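Please load the model and keep the sequence beside it. The paragraphs below go from a ligand to the metal ions, and then to the chain around them.

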Amino acid sequence: MDSIPRRNARYHFDYDRQSRPASQPGGSATRLGRSVEIAVIDFHIHSAASDGALSARDLVDRAAREGIRRIAITDHDTIAGYLSVCQSVPSGLELISGVELSCQWGRVGIHIVGLGFDPAVPAMARHLEGLDKARRDRAEKIAYKLDRNGMPGALAGAMAVADGAQIGRPHFARWMVLAGHVDSEEMAFKRFLGRGRPGDISLLWPALDATVATIIAAGGLAVLAHPLEYKMTATRLRALTDAFLDAGGVALEVINGRPKPGDTDTLWRLVRERDLRVSVGSDFHRDSPYGAGLGVDIRAIPEGIGVWEQL
Ligand code: AMP
Ligand code: MN
Ligand code: MN
Ligand code: MN
């Protein structure tokens with residue numbers, strides 16, 4: 001039986017024969033005929049420029065070492081990590097521009113991944129400046145709420161944790177652990193920062209359609225990130241998808257992290273129903289037993305629908 005090799009295993013693949021990886025890393029592929037690199041890519045990764053643990057430099061080095069072909073660093077509302085490495089990408093790895101933009105659809109917070117845009121286009125630069133400010137304003141509001149809940153000094157604390165990164169709730173969560181207010185970051189979200197909790201500041205981000213428009217204006221492609229994270233009914237998710245499509249979005253992120261079998265059935269149905277493209281990403285933040293490592297094997301995805309084919 002042919003089986004899909006473990007992610008990050010080896011990537012030479014001989015499509016002229018049967019779909020079976022060469023047993024030696026890179027070895028027999030040439031001898032057997034036309035060799036095609038096995039497709040391991042990753043279009044959703046966080047660096048320390050937002051809430052990831054690794055620097056953009058460490059990420060590209062690791063991706064290259066692991067034989068991943070193409071990646072996008074998609075930090076929350078900043079491209080500083082991408083910009084810090086885009087001029088010096090290790091050979092064998094392709095880095096495309098990326099960002100994960102916070103936006104709102106009605107009252108719901110939604111994440112849109114932008115890929116392959118020109119970061120110098122003024123519309124994108126302005127949009128990111130607006131998000132910088134929105135995040136600073138939100139941080140003040142979160143700190144105020146935490147103060148009211150018996151946790152003074154949260155703004156300075158979270159900013160020290162962020163250390164110049166785009167500030168977000170994970171930095172508050174980390175500070176809350178360090179300051180002894182909660183036992184874990186998970187608990188910080190559960191009690192104070194997660195949906196519907198005091199530190200969940202709403203109605204703050206730009207609208208979904210303006211966000212997609214910015215990505216398009218900069219020549220990029222818009223992907224609806226982790227559609228299952230929003231915990232919507234199928235009907236509501238379809239409405240969100242339609243709003244996203246009307247705005248000019250092109251793809252659903254059908255693989256985010258490590259989905260369990262069956263998790264993505266709804267998404268594949270939606271993709272077929274609405275004739276969408278698909279994107280994939282680990283949503284890597286740090287090494288953890290729960291999250292995915294870098295890289296997604298895309299060989300099981302039918303040809304002609306990957307967003308990567310347009311980038
Ligand atoms: P923000 O971008 O500031 O709204 O923060 C959202 C980020 O917080 C997400 O991208 C995750 O990385 C992280 N996050 C969300 N929920 C949790 C949770 N329950 N536990 C730990 N981290 C979380
Ligand atoms: Mn995050
Ligand atoms: Mn997200
Ligand atoms: Mn993400």
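**Ligand 1 and its surroundings**

In this predicted model, an oxygen atom of ligand 1 is 2.9 Å from an N or O atom in the side chain of R135. That is a polar contact, meaning a pair of N or O atoms within 3.5 Å; within protein, one must be able to donate a hydrogen and the other to accept it, and residues adjacent in sequence count only if both atoms are side-chain atoms. An oxygen atom of ligand 1 also lies 2.8 Å from a polar backbone atom of R169, and a nitrogen atom of ligand 1 is 3.1 Å from a polar side-chain atom of E186. On its own, ligand 1 has 500 Å² of accessible area, and the protein covers 72% of that. Accessible areas are Shrake-Rupley values with a 1.4 Å probe; for residues, only the protein chains shown count as cover.

Two notes on conventions apply throughout. Residues are numbered from 1 along each chain as its sequence is written, while chains are lettered from A and ligands numbered from 1 in the order in which they are written. Local features need pLDDT of at least 70 and side-chain atom pairs count only at pLDDT 80 or more, whereas totals for chains, interfaces and linings use all residues; side-chain values use heavy atoms, with hydrogens and water left out.

The shell around ligand 1 consists of D51, H76, R135, R138, G168, R169, P170, E186, F189 and H285, where a residue belongs if one of its heavy atoms lies within 4 Å. By class, the shell has five charged, three polar and two nonpolar residues. Here Ala, Val, Leu, Ile, Met, Phe, Trp, Tyr, Cys and Pro count as nonpolar, Asp, Glu, Lys and Arg as charged, and the others, Gly among them, as polar. At least two residues of the shell come from each of α4 (122-148), α6 (169-178) and α7 (185-193). Helices (H or I, at least four residues) and strands (E, at least two) are DSSP runs, numbered from the N terminus.

**The manganese ions**

Which residues coordinate the manganese ion (ligand 2)? The donors are D51 (OD), H76 (NE2) and H285 (NE2), at 2.1 to 2.2 Å. Donors are N, O and S atoms within 2.8 Å of the metal (3.2 Å for Na, K and Ca); water is not among the atoms, so sites may look incomplete. H76 sits in the loop between β5 (70-72) and α3 (80-85), and H285 in the loop between β11 (277-281) and β12 (296-297), 209 residues apart. With a relative accessible area of 11%, H76 is buried; buried means under 20%, exposed over 50%, and partly exposed in between (1.4 Å probe, protein chains only).

The manganese ion (ligand 4) is 4.6 Å from the manganese ion (ligand 2). Its donors are H44 (NE2), H46 (NE2), E100 (OE) and D283 (OD), at 2.1 to 2.3 Å. H46 belongs to the loop between β4 (40-42) and α2 (56-65) and D283 to the loop between β11 and β12, so the pair ties together parts that are 237 residues apart in sequence. H46 is buried at 0% relative accessibility, and D283 is buried at 17%.

The manganese ion (ligand 3) lies 5.7 Å from the manganese ion (ligand 2). E100 (OE), H111 (ND1) and H226 (NE2) coordinate the manganese ion (ligand 3), at 2.0 to 2.2 Å. H111 is in strand β8 (residues 108-115) and H226 in the loop between β9 (221-224) and α9 (234-246), 115 residues apart. H111 is partly exposed at 22%, while H226, at 10% relative accessibility, is buried.

**The surrounding chain**

T78 is placed in the loop between β5 and α3 and is buried, at 13% relative accessibility. Leaving out residues up to four places away in sequence, T78 touches A49, S50, V99, L128 and Q166, a contact being heavy atoms within 4.5 Å. The side chain of T78 also reaches the backbone nitrogen of A80 at 3.0 Å.

In α6, the residues H171, F172, A173, W175, M176 and V177 are buried. The buried residues of α6 pack against α4, α5 (154-162) and α7. Just after α6, G180 has a positive phi of about 80 degrees.

The protein chain has ten helices and twelve strands, and 48% of its 311 residues are buried.
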